Amino acid sequence: MSTGTALAVDPHVVTCTLAPRYEAVRTARDFARTALRRWGLDELFDDVALVASELVTNALRHAIGACPTAADDYDFPTQPAAESRLPIRISLVHRAPQVVCAVSDPSSIGPVAREADFVAESGRGLHLVDSFSRSWGWHPLGGGKVVWALFEAQEAQRPAPAPVAEFGGRHRRSA
């Protein structure tokens, strides 16, 4: 598994820096599973994992210069970018009732959905992103871009907080 460095200052905003290797796609899915589970949003995992996989794969292929080899496999760079930083980050943001999955990379060239070719082995990723998310887009950043996808979360019904008397008259902070 590729190493990912996860950051979490706000518990509803989590970020993971991904190594520029093909294992980064699996790391992104594992990261999404962990975050969604902590937020009680397991039902979103399949859609978010598919979209995260597509966005990270696009970043690996198009943003950091992965080149196809003779076996039609991709040869990914093994060193960080020139600025000594790993080039791809995935972030998940939960602001009820929505979740945003965002992947940033060092390329300033925006993604372009190609005409669907149903016999080609690639080229349908952004169509999948469009199908499995509520909306998606991209924004330029200084020295790169971020591609994002928005999902609607159905919050689980949580029981109402217990009356204060049940806690012996003490004040209780709600989560």
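Modeller: Happy to! Two strands are called paired if DSSP finds at least two bridges between them, and strands (E, at least two residues) and helices (H or I, at least four) are DSSP runs numbered from the N terminus. The model is predicted, so to speak of local features we ask for pLDDT of at least 70, and for side-chain atom pairs 80 or more, while totals for chains, interfaces and linings use all residues. Residues are numbered from 1 along each chain as its sequence is written, and side-chain values use heavy atoms, with hydrogens and water left out.

Let's start with strand 8, which spans residues 144-152. Strand 8 has an antiparallel partner in strand 6, with 8 bridges between them.

Now follow strand 6 back along the chain. Strand 6 covers 98-105 and strand 5 covers 88-95, and Pro 97 sits in the loop between them. Have a look at the peptide bond joining Ala 96 to Pro 97: this bond is cis, with omega about 5°.

Strand 5 has its own antiparallel pairing, in which 6 bridges tie it to strand 2. Val 13 is bridged to Val 93 of strand 5. Strand 2 (residues 13-18) is largely enclosed by the rest of the structure, because 5 of its 6 residues are buried.

What lies around these strands? One place to look is helix 3 (residues 125-132), where you will find Leu 126. Leu 126 is buried, at a relative accessible area of 9%. Setting aside neighbours within four places in sequence, Leu 126 is in contact (heavy atoms within 4.5 Å) with Asn 58, Pro 111, Val 112, Ala 113 and Trp 136. Val 112 lies 14 residues from Leu 126 along the chain, and their C-alpha atoms are 7.8 Å apart.

The other place to look is the pair of helices 1 and 2. Helix 1 (residues 24-38) packs against helix 2 (residues 45-63) at about 145°, and their axes are 9 Å apart. Axes here are lines fitted to C-alpha atoms over the stretch in contact, with angles from 0 to 180 degrees between N-to-C directions. Helix 1 brings Ala 24, Val 25, Ala 28, Arg 29, Ala 32, Arg 33 and Leu 36 to the contact, while helix 2 brings Phe 45, Val 48, Ala 49, Ser 53, Val 56, Thr 57 and Leu 60.

Finally, step back to the whole chain. The protein chain has 3 helices and 8 strands, in the order β-β-α-α-β-β-β-β-α-β-β along the sequence. Among its 175 residues, 34% count as buried. Taking contacts with a separation of 6 or more, 58% come from residues 24 or more positions apart.

Conventions
Buried < 20%, exposed > 50% of the residue type's maximum accessible area, 1.4 Å probe, protein only.
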